[in-house]
Amino acid sequence: MKCFLIAFLSICTLGRQPMKFREDALCATLVELNYGLCLMTKEARDSDGAPYEADLLYYFFLCIQKHMFENGRIDNIFADLYYSKFTERLHEVLKEWHPKISLLGYVIPSRITEEMLWDCKQLGAHSPATLLYTLMYFNTKYFMLKTVEQHSKLAFSKVLKQMKKNPGNSKDKCSSIRYLRLYGQHQAGQKVTEDMYVEQLENSENPLRCPIKLYDFYLFKCPQSAKGRNDAFYLNAEPVVAPNSPIWYSTQPVSYEAMEQMLTRILMIREVQEACANTHISSFQ
């Protein structure tokens, strides 16, 4: 993958003047790397000259991101503002993607998996942007929010943390588990039964990947005035924050365009597609 990126960087030009790049992509400047990645979204081809399928191209970029993190370069090419031109170009490619059907009628799964995103540090609490993306991922996978409009209607006041008996621990009848429940997704006048609610269960075996703990951490990093809002859930990250900053987010909601870019990548994840295929829960209204 390193050689793949270097090959593209070596042929980039900016305007009429060729751009000269370092051989090691890890040492490329922000301008060089951003431009090289933009060029890849447009010019990358497989051995027979055909454009790469969207999920494979996204897979390549995730591999580049992992290579950067593993070698001490902490840029997040999917979230940092100075890569906005790249993410815009990538979005134009990815938004047209949909799962293919084999000749035998089976859905061909996406190459993008949840585990890959954890490995590439695109999921977790590594930064404000990563944490926000993780919450949107969980809300898509478990709450079945599959459109920007559905996510836009989500609010702090509609997500409640509760506790119930742990269905996974049959030996200890007193064992309990925390979970998030989404309220307000049903139409007015509709009779609501217990099995119509959607939930996110606590992951006690892996706290770093637990939806409840990450939701708690998100609340901890949000301004106090935003925590009871009934008109927003996803808040913009502050422009400059340190990991130990008490507040990571502003009171301004994330824009429609930013949510659209994040959700487009989320809907390509294999586990999200499987969750959507296996549930019969009504869409969020």
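Reader: Which residues have the most contacts inside the largest nonpolar core?

Author: This is a predicted model, in which local features need pLDDT of at least 70 and side-chain atom pairs count only at pLDDT 80 or more, while totals for chains, interfaces and linings use all residues. Residues are numbered from 1 along each chain as its sequence is written, and side-chain values use heavy atoms, with hydrogens and water left out. A nonpolar core is a set of buried Ala, Val, Leu, Ile, Met, Phe, Trp, Tyr and Cys residues joined through side-chain atoms within 4.5 Å, where buried means under 20% relative accessible area with a 1.4 Å probe and protein chains only. The largest such core has 67 residues, and those with the most contacts inside it are Leu37, Tyr58, Phe61, Tyr218 and Phe233.

Reader: Which element gives the most to this core?

Author: Helices (DSSP runs of H or I, at least four residues) and strands (E, at least two) are numbered from the N terminus. Elements that each supply at least two residues include α2 (30-43), α4 (84-94) and β6 (176-182). The one that gives the most, with nine residues, is α3.

Reader: Against which helices do the buried residues of α4 pack?

Author: In α4, the buried residues are Phe86, Thr87, Leu90, His91 and Leu94. Because they cover an arc of only 135 degrees around the axis (taken from directions from the helix axis to the C-beta atoms), they lie on the same side of α4. With contact meaning heavy atoms within 4.5 Å, these buried residues pack against α2, α3 and α9.

Note on methods:
Buried < 20%, exposed > 50% of the residue type's maximum accessible area, 1.4 Å probe, protein only.
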